[in-house]
Structure formats: structure tokens, C-alpha cells
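The report comes after it.

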Amino acid sequence: MKKLFLVTAIFFFSSAAHADLIFEGYYKITKENIHIGYTILRFEYDPAKQEMIATSFIKTAPQYSDLTESYVARANTGYQPISLQFTSVDNTKRKTAISAKMAGENLVGELITNGPPKKLNVKIKKGVFFSSFLPFLMLKAGLKTGLGFTYYAITEESGEVQEGTANTGKNMEDHRGQKVFRVSNKFMGLQYSSFISANGEILYVDSPAQQTSTELTSKEIATQGMPLPQSILKALFGAV
């Protein structure tokens with residue numbers, strides 16, 4: 001039943017078949033030094049529609065909430081929101097789904113959380129973007145050491161607009177032999193730090209409050225011993 005719910009939702013909102021790939025990465029999720037799941041993150045550009053597409057899939061092990069979560073966020077080339085589709089199911093049988101698109105200056109659609117659909121209608125002011133595109137906005141602002149970046153972004157998990165901050169350290173740091181920016185982030189009431197490459201790729205995220213870390217790695221390492229729901233992945237990414 002969980003798989004049917006997700007596949008049905010994703011089928012209508014999968015990424016464009018002919019979009020140009022910008023980035024795709026597999027991330028290993030660790031909690032207290034235990035491998036608990038993985039994330040697949042893909043960024044694409046659809047030249048026909050002139051749209052940026054962010055697609056994410058998260059899967060955790062059955063003993064760690066058995067979370068299956070995905071979203072597809074679309075924006076124009078100026079990162080102004082166009083549409084959002086989000087689905088989430090865990091082992092409590094709680095199901096969340098969002099289907100929304102811009103209508104004028106508002107993000108309008110439906111929100112389902114274990115019950116009948118509720119209307120979603122959120123005012124989107126100029127400069128607000130989907131949180132997934134933060135690295136691109138930082139690049140656009142001129143990613144450098146000592147950068148202070150305050151923003152308002154839409155959370156893909158709720159469709160709400162939240163204030164956030166992202167501040168780079170005074171010096172470049174080393175991460176596995178690569179020079180990176182250390183970014184101190186605050187968003188959705190959580191503080192976390194991340195390592196970002198000079199071209200905006202997120203390499204590592206540490207969230208002390210949640211006692212979790214996420215690191216870019218190979219597909220084999222990220223998904224080792226974890227469920228791989230092929231029907232969902234095919235519907236979402238086409239091929240992984």
C-alpha cells in the first residue's frame with residue numbers, strides 16, 4: 001500500500017525525460033556512526049521549458065522509521081518557483097503528500113496528511129525560492145569565504161516559507177583532499193554545517209541536533225544493505 005501511494009504520486013510528477021543533467025549524487029546517511037539510509041539528489045535543466053528541476057529521494061532502514069520520501073521541485077532559470085510535488089511515508093503509516101504550483105503570486109495546491117486534502121495557498125514574495133536551490137543562489141551571489149547569506153525559502157516538506165541563513169567560514173578547509181567552503185546553516189529551526197565545493201556541490205552535511213550526517217559517496221556505499229524500491233526509483237528518476 002505504501003509503494004502504491006508513492007508510485008501513483010510520483011508517476012505524474014517525474015522529471016522531464018529530455019532534461020540535461022547538472023548533478024546527480026548518492027549520499028550515505030549516518031546516525032551515531034550507524035549507516036541508517038541514503039539520499040539520491042539530482043539537479044537538471046529542461047531547455048525546452050527553461051526550467052530547473054530538483055529531484056530528491058530518501059530511504060531509511062526499516063529499524064530507523066522505514067522512511068520513504070521524495071520530491072520534485074521546479075523553478076525557472078531565475079529560481080522562481082513553478083511547482084512542487086512531495087510524498088512521504090514512514091513505519092507509523094503516516095502519509096504526507098503535496099501537489100502545488102504557482103498561480104499568480106501564490107503557491108496553490110493540496111496538502112494531504114493522513115486525512116482529507118487541505119487547500120494549500122501560500123504567498124510567495126519576490127526572491128523566495130525552493131530550499132533545494134540554495135547552493136545555486138549562493139553561487140549566483142558569488143560563493144566565497146566570509147559570505148553572509150540571509151534568505152527566505154520554501155520547505156519542500158511542507159510548502160511553507162521559512163527564513164534561513166548560510167554563512168561561509170573565513171578560510172577554505174580540506175575535505176578528503178579537496179578544498180571546500182564550510183557553511184554554517186540555520187533553517188526550519190535547525191542548525192547544521194555543510195561542506196560545499198567551489199562549484200556548489202554539497203559534499204557533507206552534519207546536523208548535531210539530529211545526531212546525523214550525510215556524505216556524498218558512491219551508489220554502492222550509500223545504498224549498501226538498504227532497500228532499493230525499483231518501481232519508485234524508475235518512476236522518479238527514469239533510471240538510476
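Predicted model: local features only at pLDDT ≥ 70, side-chain atom pairs only at ≥ 80, totals over all residues.

Residues are numbered from 1 along each chain as its sequence is written, and side-chain values use heavy atoms, with hydrogens and water left out.

**Salt bridges**

Side chains of opposite charge can pair when their charged atoms come close. A salt bridge is taken here as a side-chain nitrogen of Lys or Arg within 4 Å of a carboxyl oxygen of Asp or Glu, and a search of the whole structure finds 9 of them.

| Salt bridge | N to O distance |
|---|---|
| Arg42 and Glu24 | 2.5 Å |
| Asp90 and Arg94 | 3.6 Å |
| Glu105 and Lys123 | 2.3 Å |

Helices (H or I, at least four residues) and strands (E, at least two) are DSSP runs, numbered from the N terminus. For burial, a residue is buried under 20% relative accessible area, exposed over 50%, and partly exposed in between (1.4 Å probe, protein chains only).

The side chains of Arg42 and Glu24 meet in a salt bridge, and this pair links distant parts of the chain, with Arg42 in strand 2 (residues 34-46) and Glu24 in strand 1 (residues 20-31), 18 residues apart. Arg42 counts as buried at 8% relative accessibility, whereas Glu24, at 30%, is partly exposed. A network of salt bridges links Glu24, Arg42 and Glu44.

Lys123 is partly exposed, at 45% relative accessibility.

**Pockets**

On a 1 Å grid over the protein atoms alone, a pocket is an open set of points with protein on both sides within 12 Å along at least five of seven lines, and lining residues have an atom within 4 Å of a point. Grid points are joined across faces, edges and corners, and a volume is the space filled by probe spheres (1.4 Å probe) set on the points.

The largest pocket has a volume of about 1,500 Å³. It is lined by 45 residues, of which Ile58, Glu69, Glu157, Gln210 and Thr214 are the closest to its centre. Its lining divides into 23 nonpolar, 15 polar and 7 charged residues, where Ala, Val, Leu, Ile, Met, Phe, Trp, Tyr, Cys and Pro count as nonpolar, Asp, Glu, Lys and Arg as charged, and the others, Gly among them, as polar.

The second largest pocket has a volume of about 150 Å³, and its lining divides into 9 nonpolar, 2 polar and 1 charged. Strand 1, strand 2 and helix 2 (134-141) each supply at least two residues of this lining, which includes Phe23, Leu41, Phe136 and Glu201.

Leu41, in strand 2, is buried with a relative accessible area of 11%. Leaving aside neighbours within four places in sequence, Leu41 is in contact (heavy atoms within 4.5 Å) with residues including Phe23, Glu24, Thr55 and Tyr71. In helix 4 (residues 230-237), the buried residues are Ile232, Leu233, Ala235, Leu236 and Phe237. Gly238, whose phi is positive, near 85°, follows helix 4.
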